[in-house]
Amino acid sequence: MLIQKRISQVFNEATEVPFNDDSKIVIMSDCHRGDGSYADNFAHNQNLFFAALTQYYHHKYTYIELGDGDELWENDKISKVLEVYDNVFWLLSKFHHDSRLYMIYGNHDMVKGKNKSFARQLVYCEDEPDGQCCSIFPCIEFHEGLVLRHSGYDLRLFLLHGHQADFFNDRLWRVSCFLVRFLWKPLELLGINNPTSAATNPKRKKSVERKLIQWVERHNQPLIAGHTHRVAFPKPGEPCYFNDGSCVHPRFITALEIADGNILLVKWSYKTKFDGTLYVGRDELTDPISLAGLCSKQGKNVPQAI
Ligand SMILES: [Mn+2]
């Protein structure tokens with residue numbers, strides 16, 4: 001019950017972002033950008049992510065990062081991550097300067113929300129003795145949740161990372177952070193997975209999904225989450241629970257796209273041309289669902305008051 005209230009609290013406090021059928025939005029999460037070491041699970045997908053995000057930038061999408069973008073449990077300083085992935089941050093800053101970037105924090109980058117001066121650490125400094133430093137994301141806000149409100153019909157899409165349905169990773173996040181930084185990271189370097197993580201423990205994954213779906217059913221409110229690293233896209237008649245997957249799968253990254261009044265799940269992976277050359281390509285994993293249809297699926301078109 002506590003967990004259901006916790007999710008409702010995020011929903012009630014979430015900033016609303018208006019959108020319509022002309023909006024183009026891409027949602028990705030769980031990049032876990034690290035320090036480039038063997039424990040950095042993003043390293044092997046960095047080119048896929050950069051190529052996909054570049055495509056979305058050129059096609060005028062708004063990018064919403066749905067939490068755990070940076071691995072700040074294993075790494076105590078964002079500066080290490082910035083140094084390794086300066087190309088990604090350069091591209092993210094372009095989205096931000098075009099007002100096409102929204103950042104939601106998860107459990108592994110909770111510090112973005114808890115530490116009010118965190119954004120001040122996101123700086124680019126010239127590599128000269130008296131070089132100037134400038135902010136990568138001036139005036140950025142890190143959100144715990146967002147509500148995309150359709151301006152044409154009565155539809156709200158609730159976005160949150162999803163660790164709120166995971167007591168150990170939410171309320172006890174400082175303990176989890178300590179264990180990951182000083183116990184699991186060294187073990188991960190030896191190939192041992194963290195059993196308390198929802199991303200690697202199937203039982204925890206199921207338990208988180210069950211609680212999120214329960215909330216969706218109770219409140220008749222579509223919800224988009226990450227955290228479990230397992231994609232979810234509702235079939236007709238199923239509760240409106242979506243999950244964008246992750247960017248740390250061994251062979252691909254996944255994303256939820258909203259465009260032309262539809263939502264769909266896609267993946268980006270390396271593909272081979274007939275002549276053997278490699279390229280980064282996009283596959284649609286689901287048929288698009290019309291958002292207007294999603295709205296009517298809610299019954300009375302008006303989500304229950306929370
Ligand atoms: Mn997470």
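Two residues are in contact if their C-beta atoms, placed from the backbone, lie within 7 Å. The model is predicted; local features need pLDDT of at least 70, side-chain atom pairs count only at pLDDT 80 or more, and totals for chains, interfaces and linings use all residues. Residue numbers start from 1 along each chain as its sequence is written.

**View 1. Contacts of I253 and the largest nonpolar core.** Leaving out residues up to four places away in sequence, I253 touches M28, N45, L48, F49, A52, C247, K267 and W268. I253 is also listed, with I27, I104, L159, L223 and I224, among the residues with the most contacts inside the largest nonpolar core, which has 66 residues. Such a core is a set of buried Ala, Val, Leu, Ile, Met, Phe, Trp, Tyr and Cys residues joined through C-beta atoms within 7 Å.

View 2. E188 belongs to helix α7 (residues 173-188); helices are DSSP runs of H or I with at least four residues, numbered from the N terminus. E188 counts as partly exposed because it has 19 C-beta neighbours inside 10 Å (20 or more would be buried, 12 or fewer exposed). A39 lies 149 residues from E188 in sequence, with a C-alpha to C-alpha distance of 6.1 Å.

**View 3. Helices α1 and α8.** The axes (lines fitted to C-alpha atoms over the stretch in contact, with angles from 0 to 180 degrees between N-to-C directions) of α1 (residues 2-13) and α8 (residues 202-219) come within 10 Å and cross at roughly 65 degrees. The two helices, α1 and α8, are therefore roughly perpendicular (65 to 115 degrees). I3, Q4 and I7 of α1 meet K211, Q214, W215 and R218 of α8.

Notes:
Angles under 35 degrees count as roughly parallel, over 145 as roughly antiparallel, 65 to 115 as roughly perpendicular and the rest as oblique.
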